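Hi,

Here is the structure I promised to pass on to you. Have a look at it first, and my notes on what turned up follow below.

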Amino acid sequence: MSKPLTQSTAAVIQDILANQRHDLMNHVQVLLGYQSMDKPERIKAYLHKLCAQAETERKLAQFSYAPLAVTLLLLKQHYRRWLIHLSVHVALPFTDIPLQKRMLDVIQTLLPWLERQDDGNMGWEQLMIDLESIGDDMYMDVIVQTTGQQAVIFDFSPMEWERLETCIRKHTGSVSLADEKTVLRIAL
């Protein structure tokens, strides 16, 4: 038998469901708009995009450490200021609980850090997070784009960079820059 919901937990779930319903209605309106303009190819492309999103969410739900799965699934609701795109590669170690706990700690450190760097003034619009494994190593690549879909160059002050490196090291990870400082790569 499940535990009774507390008022605060129920309020959070209610908010999440309201956001999901709102997003669903937006998708329906887009599809109806394409239908009214007689654009079947646009409808098909949009449906493929929705299927890809659902597949990503299915993969995220496979993490065996539930707090990580829930955090990743709710990123879009929690960080509504950004369009968040998650990409998950099949070979992820879905059963390695200690790795997943470290990954959750890193995400809970990284996203507030990025939020402070943006501070609402930089025009950051999209946040792309790519999760993959290569051999025994787990990587998280982060790319930020501006409103004009231009990749942000991660050119932070040495003090901010050291703050991030220190936090990531606490979780036995490392952070580096790739692709002319437009990709933040975290290795766990």
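First, a word on naming: helices (H or I, at least four residues) and strands (E, at least two) are DSSP runs, numbered from the N terminus. Please keep in mind that this is a predicted model, where local features need pLDDT of at least 70 and side-chain atom pairs count only at pLDDT 80 or more, while totals for chains, interfaces and linings use all residues. Residues are numbered from 1 along each chain as its sequence is written, and side-chain values use heavy atoms, with hydrogens and water left out.

The overall layout: the protein chain has six helices and five strands, in the order α-α-α-α-β-α-β-β-α-β-β from the N terminus. Its C-alpha atoms fill a box of roughly 50 × 50 × 35 Å along the principal axes. Of its 188 residues, 35% are buried (buried means under 20% relative accessible area, exposed over 50%, partly exposed in between, with a 1.4 Å probe and protein chains only).

On a 1 Å grid over the protein atoms alone, a pocket is an open set of points with protein on both sides within 12 Å along at least five of seven lines, and lining residues have an atom within 4 Å of a point. Grid points are joined across faces, edges and corners, and a volume is the space filled by probe spheres set on the points.

The largest pocket has a volume of about 930 Å³. Its lining counts 25 residues, with Asp23, His27, Gln53, Glu57 and Lys76 nearest the centre. Two or more lining residues come from each of H1, helix H2 (40-61), helix H3 (66-73), helix H4 (75-78) and strand E1 (83-88). H2 gives the most, eight residues. Sorted by class, the lining holds 12 nonpolar, seven polar and six charged residues (Ala, Val, Leu, Ile, Met, Phe, Trp, Tyr, Cys and Pro count as nonpolar, Asp, Glu, Lys and Arg as charged, and the others, Gly among them, as polar).

The second largest pocket holds about 150 Å³ of space. Its lining includes Val70, Leu74, His78, Tyr79 and Ile107. H3, H4 and helix H5 (97-118) each give two or more residues to this lining, and H5 has the largest share with four. What is the class make-up of the lining of the second largest pocket? There are seven nonpolar and three polar residues, and no charged ones.

A few single residues are worth a click. Val70, one of the residues lining the second largest pocket, sits in helix H3 and counts as partly exposed because its relative accessibility is 45%.

Phe94 and Ser64 are 30 residues apart in sequence, yet 6.0 Å apart from C-alpha to C-alpha.

Leu177 belongs to strand E4 (residues 174-178) and is partly exposed, because its relative accessibility is 30%. Its C-alpha atom is separated by 16 Å from that of Glu132, 45 residues away along the chain.

Finally, Met25 lies in helix H1 (residues 7-36) and is partly exposed, at 41% relative accessibility.

Happy browsing!

Key:
On a 1 Å grid over the protein atoms alone, a cavity is a set of points where a 1.4 Å probe fits but cannot get out, and a pocket is an open set with protein on both sides within 12 Å along at least five of seven lines; lining residues have an atom within 4 Å of a point.
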